[in-house]
Amino acid sequence: MDLEVLALAKLLGKEQERRPREDRWGGSPFAWLAPWPPAKTKGEIFESVVHRWCEEMGLTVARTGDSEADRVIGGRRFEIKGSTLWKNGKYVFQQIRKQNYDALVCLGISPFDAHCWIIPKGVVLEQWGAGGIRPQHGGRRGQDTAWLKIRPSRPDKWLRDCGGSLSEAKQCLRSFLSATSG
């Protein structure tokens, strides 16, 4: 397993006490995370892991203090979304909104791998209109929330510059922060 993935497994391991391990992913260091419902508590776990992951990179991280973004990382506002791998082989990042953030962090956890994309808000909005990010609900609410589905083995072309592996995501995050600082 990639060293970055093992390091993330160690960070996630610290969250294990929140729920007893279930062996659904047999032998995976992330097995305990898979059974959590995709709700507030699981989202808090992903936010906490991204927070500590960024701190381990030497970045300054803080909560935003509002509901428009999850963290301030290196002086920029980030919305954090997480997903475990679905049975269809895709990550599904849900409840994406057009709020006050500079970039979206999408952290995906597979049984024996992890993936991450750092997506600038301009790209989020562009893909929302182009169909890369699709409305999550029908009717009038269809424009309020969206979801992003990513098959990690074949991500959409527009995601190539946003990360993929944890190492690539680190580079994208650092590049984003250096390009937007000052």
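**Contacts between side chains and strands**

Lys170 is partly exposed, with a relative accessible area of 21%; partly exposed covers the range between buried (under 20%) and exposed (over 50%), found with a 1.4 Å probe and protein chains only. The model is predicted, so local features need pLDDT of at least 70 and side-chain atom pairs count only at pLDDT 80 or more, while totals for chains, interfaces and linings use all residues. Residues are numbered from 1 along each chain as its sequence is written, and side-chain values use heavy atoms, with hydrogens and water left out.

Lys170 forms a salt bridge with Glu4, and their closest N and O atoms are 2.9 Å apart. Because Glu4 lies in helix α1 and Lys170 in helix α4 (residues 166-180), this pair ties together parts that are 166 residues apart in sequence. Helices (H or I, at least four residues) and strands (E, at least two) are DSSP runs numbered from the N terminus. A salt bridge needs a side-chain nitrogen of Lys or Arg within 4 Å of a carboxyl oxygen of Asp or Glu, and the count by this rule is 5.

Another of these salt bridges joins Arg77 to Asp66, with the closest N and O atoms 2.8 Å apart. Arg77 is in strand β3 (residues 76-84), and Asp66 is in the loop between β1 (61-63) and β2 (71-73), 11 residues apart. Arg77 counts as buried at 16% relative accessibility, whereas Asp66, at 36%, counts as partly exposed. A salt bridge also forms between the side chains of Glu79 and Lys81, at 3.4 Å from N to O. Glu79 is buried at 8% relative accessibility, and Lys81 is buried at 11%.

Next come the strands. An open sheet of 3 strands has the order β4-β8-β7 with antiparallel pairing. β4 (91-96) and β7 (134-135) are at the edges with a single partner strand each, so one side of each has no neighbour in the sheet. Two strands pair if DSSP finds at least two bridges between them; β4 and strand β8 (residues 146-150) are joined by 4.

The whole structure holds 4 aromatic pairs. The rings of Tyr91 and Trp117 have centres 6.1 Å apart and planes at 65 degrees, so this pair is edge-to-face. Tyr91 is in strand β4 and Trp117 is in strand β6 (residues 114-120), 26 residues apart. Phe93 and Trp117 form an edge-to-face pair as well, 6.4 Å centre to centre with 70 degrees between the planes. Phe93, in strand β4, is 24 residues from Trp117. Rings of Phe, Tyr and Trp (its six-membered ring) pair if their centres lie within 6.5 Å; planes under 30 degrees apart count as stacked, over 60 as edge-to-face and the rest as tilted. Ring pairs link Tyr91, Phe93 and Trp117 into a cluster. Tyr91 and Trp117 are both buried, and Phe93 is buried at 0% relative accessibility.

Rings also meet charges. The charged end of Lys98 sits over the ring of Trp128, 4.5 Å from its centre, and the charged end of Lys121 sits over the ring of Tyr101, 5.1 Å from its centre. Such a contact requires NZ of Lys or CZ of Arg within 6 Å of the ring centre and within 35 degrees of the ring normal.
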